[in-house]
Amino acid sequence: MATSTTTSASLLDLIGRTPLVELPRLSHAPDRVRIFAKLEGQNPTGSIKDRVALKMIEEAEARGELVPGRELLEPTSGNTGIALALVAKLKGYRLTCVMPDNATKERTQVLRLYGADVVFSPGEQGSNGAVRQALAMAERDPKWFMPFQYANEANPRAHYEGTGAEIADALDRVDVLVAGLGTGGTLMGAGARLRESFPDVVVAAAEPLPGDFVMGLRSLEDGYVPPILDVAKLDRKVLVSNEDSVGGIRDLLEREGIFAGVSAGAVVHVARKLAGELDEGVVVAVLADAGWKYLSADFWTARDVEESMEKTVWW
Amino acid sequence: MSVVRIPPALRDATGGESRVVADGANVRELLDDLMSRFPGLGPQLVAGDEIAPFVNVYVEGEDVRTLDGLETPVRESSTVILLPAMAGGH
């Protein structure tokens, strides 16, 4: 692990090996049921997606599919785009991100500051709309190389070799793993790795309960299940309301001093729920990012969290 | 009777209602009852003997695919949520 007494040749070398910190104040029985948080917000661009971006790009280069002159295209409303922007910059590729037009302002700002181009998709179609639009662009022009985290096995592999292996190395026992469900990469990859070391581990997904506004799909045929996600490999899949996610964020900040993002709040909510079902054991919560990118959102003070949050897909 | 929350994409079949009630001791019975009340839902919710691939059914906040599927028990006090499968992961 890099410390102040070592140097690194590249920022990319600092991706992963994130801290695992105990959250005794969030356990109902801290001496018997231990909850640990994997702080993915400490990656170079501030989220777990650094792992995925680096792995997708390096594997594409190794296959000879990504060569100088091609440009990167990815549907993302934030973290994956920012992570790809860093990797693209240091490796000399251009990047265009397709994102819903209702993502927070910081998201577009930071992407543009990193040098990425942003193309907007209709906000009411949520992530599905961004996926559809990016797929259509990639089909029209072969210059685009789309890493496409939803279908790229490098995504779960980054978590199998990185996130999951790091947790397995750090702990003698893991009874429950909780991560946010987005692409499914963390849950599939880290879940598979942890099952090798701890066969009885419960792999649990925290999933956002979307507001009506972002479910403006015309029909269910517009739905999307990421190809890398195999729901049969999840042991639990728990819906978390925006209100409970914000409750999780507040618990983390007020009781443990961790300033976390929305999905991390949901993950902690589920981690505490599942910890409450245990008499003893170890629960690991993967906190995908920190709270900085959500500061412009209204929910920090708004009394009616549901109303202020329902117009956005938060993770 | 359990409360069933209906997502916008299915509300044409429920006359615009976002919450309806249905009866059943498990998800299979509850969906059967729901589809008999709102026949337009039928072809969208079930494919063969499975929940349709782009539909998620939650009982008390947990996806029944990770519980007992169509056999997952439903209590009178349970809220059942139907949602379209959506891509997350930013």
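A:Ala285 touches A:Ile35, A:Ala37, A:Val178, A:Val267, A:Val268 and A:Ala271, leaving aside residues up to four places away in sequence; residues are in contact if their C-beta atoms, placed from the backbone, lie within 7 Å. This is a predicted model, in which local features need pLDDT of at least 70, side-chain atom pairs count only at pLDDT 80 or more, and totals for chains, interfaces and linings use all residues. Residues are numbered from 1 along each chain as its sequence is written, while chains are lettered from A and ligands numbered from 1 in the order in which they are written.

**Nonpolar core**
- A:Ala285 is, with A:Leu177, A:Val178, A:Val267 and A:Val283, among the residues that touch the most other members of the largest nonpolar core, which has 119 residues.
- A nonpolar core is a set of buried Ala, Val, Leu, Ile, Met, Phe, Trp, Tyr and Cys residues joined through C-beta atoms within 7 Å; buried means that 20 or more other C-beta atoms lie within 10 Å of a residue's own.
- Helix α8 (residues 262–275) of chain A gives the largest share of this core, 9 residues; helices (H or I, at least four residues) and strands (E, at least two) are DSSP runs, numbered from the N terminus.
- Because domain 1 (11–47 + 158–302) and domain 2 (49–145) of chain A both give residues to this core, it lies between them.

**Domains of chain A**
- The bounds of domain 1 and domain 2 of chain A come from an automatic or database domain assignment.
- The centres of the two domains, taken over C-alpha atoms, are 23 Å apart.
- In the contact between them, 24 residues of domain 1 of chain A meet 22 residues of domain 2 of chain A.
- On the domain 1 side, helix α5 (residues 154–170) of chain A supplies the largest share, 4 residues.

**Strands β8 and β9 of chain A**
- Strand β8 (residues 202–208) of chain A and β9(A) run parallel and are joined by 5 bridges; strands pair if DSSP finds at least two bridges between them.
- A:Glu207 has A:Leu239 of β9(A) as its bridge partner.
- Strand β9 (residues 236–240) of chain A has 4 of its 5 residues buried, so it is largely enclosed by the rest of the structure.

**Chain B**
- Chain B has 2 helices and 7 strands, in the order β-β-α-α-β-β-β-β-β from the N terminus on.
- The C-alpha trace of chain B spans about 40 × 30 × 25 Å along its principal axes.
- Of the 90 residues of chain B, 41% count as buried.
- Among contacts in chain B between residues at least 6 apart in sequence, 47% join residues at least 24 apart.

Methods
Two residues are in contact if their C-beta atoms, placed from the backbone, lie within 7 Å. A residue is buried if 20 or more other C-beta atoms lie within 10 Å of its own, exposed if 12 or fewer, and partly exposed in between; C-beta atoms are placed from the backbone.
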